[in-house]
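Hi,

Here is the structure I promised to pass on. My notes on what turned up in it come after it.

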Amino acid sequence: MSIKQATTIDEVIQFLDEIIEVSKLEQSAIGLFTMLYREVTVRIKGGIADGSFQNGERMEKLDVIFANRYIKAYYQYKAKEKPSECWEFSFQQAETFWPIVLQHLLLGMNAHINLDLGVAAAEVSTKENIADLKADFDKINFILSSLVGGVETCLIKIWPTLTFLLKLTGKLDTFFIDFSMQTARDGAWKFANEFVVLPENQTEACIQERDKKITEIARLVSNPGYYVSAIFKFIRIFEKGTVAQKIIDLQIMEAKNMECAAV
């Protein structure tokens, strides 16, 4: 099986659309994160077009490298090859019943931000100029963070019990807070700065070491302890709709968000 790779941001969106449609047909939870990531990519494309980034050409290159790491991992997994360990774990969880929508989204964000984003940032930089990327790097993460409110609204639609449980227990709130975007962003930037100065013969070992650490975070997301896991199992039982319907709900959310952004 050939591994598809994008060369432009439009091709990234095209490949993500293909993964989403296959996921709906296969009732695969892989499509949940892919749907969220597609919106991130569309917003980055819009930001490049309207001059929101300091260096639009560099940003498209970064976006393509960033996305290709996910696209490659997906097609490796589908071909029964070995992707990054953190992506393999995320995809394996997508085949099981118990993870809730939130966990699928966090598993994807964990692998893509904590591993892939740092590598991509280093690959468009040198040790002399990586500091110049910081403002645009932060804008990517701002886009990711800005989706959280819309996703929560969508998840409340999928889980009628979510609002009640958020009020009932601070434990669930703690789970949301612990996986903070700021922590992921700061970790990715720190890793990018460490990675960019490495000689070429050390980069693969560094990625593998980072991959193992990020997989441990993924395991915590998947199994956050007895109390929170019990609540998540309760939520899972009452989730509404098929996986395909949940992906469609996220697509509807994306369309509404784009309409609001255009006003």
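**Rings, then spaces**

There are 15 aromatic pairs here, counting rings of Phe, Tyr and Trp (its six-membered ring) whose centres lie within 6.5 Å. Planes under 30 degrees apart are called stacked, over 60 edge-to-face, and the rest tilted. One of the pairs is phenylalanine 33 with tyrosine 70: the centres are 5.4 Å apart and the planes at 80°, so this one is edge-to-face. Phenylalanine 33 is in helix α2 and tyrosine 70 in helix α3, so the pair ties together parts 37 residues apart in sequence. (Helices are DSSP runs of H or I, at least four residues, numbered from the N terminus.)

Tyrosine 70 also pairs with phenylalanine 91, with centres 6.3 Å apart and planes at 50°, so that pair is tilted. Phenylalanine 91 belongs to helix α4, 21 residues from tyrosine 70. Tyrosine 70 counts as buried because its relative accessibility is 0%, and phenylalanine 91 is buried too, at 2%; the cut-off for buried is under 20% relative accessible area, with a 1.4 Å probe and protein chains only. Ring pairs join Phe33, Tyr70 and Phe91 into a cluster that also includes Tyr37, Phe66 and Trp87.

Before the rest, the ground rules: this is a predicted model, where local features need pLDDT of at least 70 and side-chain atom pairs 80 or more, while totals for chains, interfaces and linings use all residues. Residues are numbered from 1 along each chain as its sequence is written, and side-chain values use heavy atoms, leaving out hydrogens and water.

Helix α4 gives the largest share of its lining, 3 residues.

The largest pocket has about 440 Å³ of space, a pocket being an open set with protein on both sides within 12 Å along at least five of seven lines. It has 16 lining residues, with Arg69, Lys72, Gln76, Ser84 and Ile207 nearest its centre. Helix α3 contributes the most, 6 residues.

Conventions:
On a 1 Å grid over the protein atoms alone, a cavity is a set of points where a 1.4 Å probe fits but cannot get out, and a pocket is an open set with protein on both sides within 12 Å along at least five of seven lines; lining residues have an atom within 4 Å of a point. Grid points are joined across faces, edges and corners, and a volume is the space filled by probe spheres set on the points. Helices (H or I, at least four residues) and strands (E, at least two) are DSSP runs, numbered from the N terminus. Buried means under 20% relative accessible area, exposed over 50%, partly exposed in between (1.4 Å probe, protein chains only).
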